[in-house]
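Subject: A structure to look through

Dear colleague,

Please find below the structure that I promised to hand over, together with its sequence.

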Amino acid sequence: MRKKVNWVLDADIRGFFDAINHEWLMKFVQHRIADERVLRLIQNWLSAGVMEKGVWAATEEATPQGATASPLLANIYLHYVFDLWIQQWRRRHARGDVIVTRYADDFIVGFQHRTDAEQFLESLRERFRKFSLELHSEKTSLIEFGRMAAERRKARGLEKPETFNYLGLTHLCARTKAGKFLLQRQTMRKRMRAKLSEVKAELQRRRHLPIPAQGWRGVVRGYFAYHGVPTNTRAMSQFRSQVIWHWHRALKRRGQRDRPCWGRMSRLVRRWLPLAKKQHPWPEERFDARTRGKRRMR
């Protein structure tokens, strides 16, 4: 938010966990680990194969998804393939500001100049090709984004800046009431619909349990703990309202005699469901560490 970002590369790796090369992965691990017993254990785990519906299949590449060590080994792989390389590329080739954020195999790269973005995208394809990885052509795009994106696109007769999704949140170019640039983040609609479908199915299963045993306070609190970022309060309120509606409908079907009215439902909601509130500060506030200077000697 403090950098000069005008272009964003929204990239996706095609079948990342299925494309990890075992030979390269072991070289990366050996770079930091010298214990032969640990290396042998990792090698045996990678070559153990996968059992699906009673049928065993060998694994000459990839890390089995769902296994405990798989995310760790995948992060090691991308650390050497992507993280260290992009730091070197930024120092040698970039003309303007370049920011990078990565979580597992999801990453976003922001650029000040479009020429840097296009050159980086071509270099990234060549880099990934060397290590058996490939960018997903349909899910990888370079979009105009940032403080001046809306004005520049409007001057060219184009629509509003495109949006991109990252870690379950949709990022948009917005404006504050004072007219300043605002990076707006809101829950992805696809993620919200999927979560509400899950909640609806679970409500049908738990509806005959006592109210305290249904545990919806923890479900909603956990959802808010992740999605409670600034500018996302409206989407959180919509999620809470839908949960209340599904909960009321499920309780109405518990029996013919006890059908809660909305007055009683309001009391249940106030007691068991937390309000939609911001849970996290802005990133610039969270990572803004300052130290006190030394006192002047009199």
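Let me begin with Asp35, which is partly exposed because its relative accessible area is 30%; here buried means under 20% relative accessible area, exposed means over 50%, and partly exposed lies in between, with a 1.4 Å probe and protein chains only. The areas themselves come from the Shrake-Rupley method with a 1.4 Å probe, and for residues only the protein chains shown count as cover. Asp35 meets Arg37 in a salt bridge, with 3.1 Å from N to O, and Arg37 counts as exposed, at 60% relative accessibility. A salt bridge here is a side-chain nitrogen of Lys or Arg within 4 Å of a carboxyl oxygen of Asp or Glu.

Before going further, please note that this is a predicted model, in which local features need pLDDT of at least 70 and side-chain atom pairs count only at pLDDT 80 or more, while totals for chains, interfaces and linings use all residues. Residues are numbered from 1 along each chain as its sequence is written, and side-chain values use heavy atoms, with hydrogens and water left out.

As for the chain as a whole, it holds 12 helices and nine strands, where helices (H or I, at least four residues) and strands (E, at least two) are DSSP runs numbered from the N terminus. Of its 298 residues, 38% count as buried, and the chain exposes about 19800 Å², of which carbon and sulfur atoms supply 49%. Among contacts between residues at least 6 apart in sequence, 65% join residues at least 24 apart, a contact being heavy atoms within 4.5 Å.

Returning to charged pairs, side chains of opposite charge can pair when their charged atoms come close. The salt bridges number 11 under the rule given above. One of them joins Lys27 to Glu23, with the closest N and O atoms 3.9 Å apart; because these two residues are four apart in helix 2 (residues 22-32), about one helical turn separates them. Lys27 is partly exposed at 41% relative accessible area, whereas Glu23 is exposed at 54%.

Which distant parts of the chain does the pair of Arg102 and Asp83 link? Arg102 forms a salt bridge with Asp83, the closest N and O atoms being 2.7 Å apart, and this pair links strand 4 (residues 98-103), which holds Arg102, with helix 4 (residues 70-93), which holds Asp83, the two residues being 19 apart. Arg102 is partly exposed, with a relative accessible area of 22%. Elsewhere, Glu144, Arg153 and Arg156 are linked in a network of salt bridges.

Helix 4 also contains Trp89. Is Trp89 buried or exposed? Trp89 is buried, because its relative accessible area is 4%. Leaving aside neighbours within four places in sequence, Trp89 is in contact with several residues, including Ala94, Phe111 and Phe120. Trp89 and Phe120 are 31 residues apart along the chain, and their C-alpha atoms are separated by 8.1 Å.

Finally, please look at Glu118, which has its place in helix 5 (residues 114-130) and is partly exposed, with a relative accessible area of 40%. Glu118 and Leu9 are 109 residues apart in sequence, yet 9.2 Å apart in space, C-alpha to C-alpha.
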